[in-house]
Amino acid sequence: MQEIKCPHCGEVFQVDEAGYAAIVKQVRDREFAQEVERRETAAVELAVSKAEQKKEKELAQLHAQLEQLKQASQAEKQQLITEKEMAQLQEQQQIRQLQRDLEAEKERAKFSVQMALQEQQLTIQELKSALQHEKDDRANQEHYLREQHKMELSMKDEQIAQYRDFKARQSTKMVGESLEQHCLTEFNRIRMTAFPNAYFDKDNDARTGSKGDFIFRENAPDGTEILSIMFEMKNEMDTTATKHRNEDFFKELDKDRREKKCEYAVLVTLLEADSELYNTGIVDVSYQYEKMYVIRPQFFIPMITLLRNAAMNAVKARQELALIREQNIDITNFENEVNDFKSKFSYNYQQASKRFQEAIDEIDKSIAHLQKIKDALTASDRQLRLANDKAEDLSIKKLTRHNPTMRQKFEELGNSEES
């Protein structure tokens, strides 16, 4: 038993172990609850204190962060202000640079325009100078030509005067011979260089009743005549009362050309000195007379050269034509030979074909004849085979079947042979 004294009244009472244990348990539970409550209170106070400290710390951190943010905001604001000012400054600098570039470009453009204007003015000045120079040259040339023309006219007048004086001192025959001599001299001057193989001499053959003045002939190396010209020279004195015309001599010249067998006829004339037709150059009068020309003396050599070149081209063309004809003849001969060969070959082929066909016909006839013989032999063989079959099938019994007399005779013959 256990004794317990009440702390309030001092009474002592006894309790068993179970009751003691229950009282101890109650005391312990109460103390434990109190301790728990005390600890809980302390823990709460500690937690509150910690929370307040944490809160204060967080508030301090928040204040510090707020101060930092304020400072950062101020710095950012200042930085933004600075960046904006810098951007504005850069923009102003760019604007000023663009303005300077525009001013420089304007200056360059202005300078280019000035240079172009200067070049244009220089070109205009050069063109004006060249034009003025050309005008001066033209004026000088015109002045020179006028002076030259005056000199030539003066010289011609002098020559005409000399020529008239010369003619006045000559007879009619001498006037004509002077033109002939002039042409002969001009030809002989270039004979060996331009016409080494040509014949040029006076026409002295008057058997037909008339004759020309000169005949020009030139042959090829093979002897073929290249060119032939009948020349007639006509001149007259200025004081002659009756003036002749060039047409007055065309008929006689054409007759001389034909009689002397010349290809061309050329009248070298000083008649009709004021005629614009004959003074222009070589005049073709073939509309009146075939292959006839009228020239002034200065065209004597050019006329021969012109006709000679044309004749040489014609000879070359004739040679080429002859070659082509020979080639055509060769081709024609070749074609004729080919056609002859073809005709002979065709004849031989027809004859051979005819003989071949006759041989084929004879062979066909022989084949038909042999076929007939074959058919006859085949028929004979068949008849022999039938005859043999019949002979094989023949017997005494069949022979005596309807002949009692012969059957009896054969039976008697058989019996005698057995005995």
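Select glutamate 180 and lysine 202 in this predicted model. Their side chains form a salt bridge (a side-chain nitrogen of Lys or Arg within 4 Å of a carboxyl oxygen of Asp or Glu), and the closest N and O atoms are 2.9 Å apart. The pair links distant parts of the chain, 22 residues apart: glutamate 180 belongs to helix H2 (residues 172–194) and lysine 202 to strand E3 (residues 198–202). Helices (H or I, at least four residues) and strands (E, at least two) are DSSP runs, numbered from the N terminus. Glutamate 180 counts as buried because its relative accessibility is 14%, whereas lysine 202, at 32%, counts as partly exposed. Here buried means under 20% relative accessible area, exposed over 50%, and partly exposed in between (1.4 Å probe, protein chains only).

Residues are numbered from 1 along each chain as its sequence is written. Local features need pLDDT of at least 70 and side-chain atom pairs count only at pLDDT 80 or more, while totals for chains, interfaces and linings use all residues; side-chain values use heavy atoms, with hydrogens and water left out.

Next, select glutamate 218 and arginine 308, whose side chains meet in another of the twelve salt bridges of the structure. The N to O distance is 2.7 Å. Glutamate 218 lies in strand E4 (residues 214–219) and arginine 308 in helix H5, so that 90 residues separate these distant parts of the chain. Both glutamate 218 and arginine 308 are buried.

Move to glutamate 290 and arginine 258, a salt bridge with its closest N and O atoms 3.8 Å apart. Glutamate 290 is in the loop between strand E7 (283–284) and E8, and arginine 258 is in helix H3; the pair therefore ties together parts that are 32 residues apart in sequence. Glutamate 290 counts as partly exposed at 44% relative accessibility, as does arginine 258 at 48%.

Now display the whole of helix H3 (residues 250–259), where Phe250, Leu253, Asp254, Asp256 and Arg257 are buried. These residues are on the same side of H3 because they cover an arc of only 160 degrees around the axis, the arc being that of the directions from the helix axis to the C-beta atoms. The partners to show against the buried residues of H3 are strand E5 (225–234), strand E6 (264–269), helix H4 (276–279) and E8. Lysine 261, which follows H3, has a positive phi, near 55 degrees.

Glutamine 288 touches Glu247 and Phe250, not counting residues up to four places away in sequence; contact means heavy atoms within 4.5 Å.

Finally, colour the chain by pLDDT, the predictor's confidence in each residue, from 0 to 100. The chain averages 77, and 76% of the residues score at least 70. Among the elements, strand E8 (residues 292–295) has the highest mean pLDDT (95) and helix H6 (residues 396–399) the lowest (62). Over residues 166–176 the pLDDT is below 50, and this stretch has 15 contacts in the model beyond near neighbours in sequence. Where pLDDT is low, the predicted coordinates should not be read in detail.
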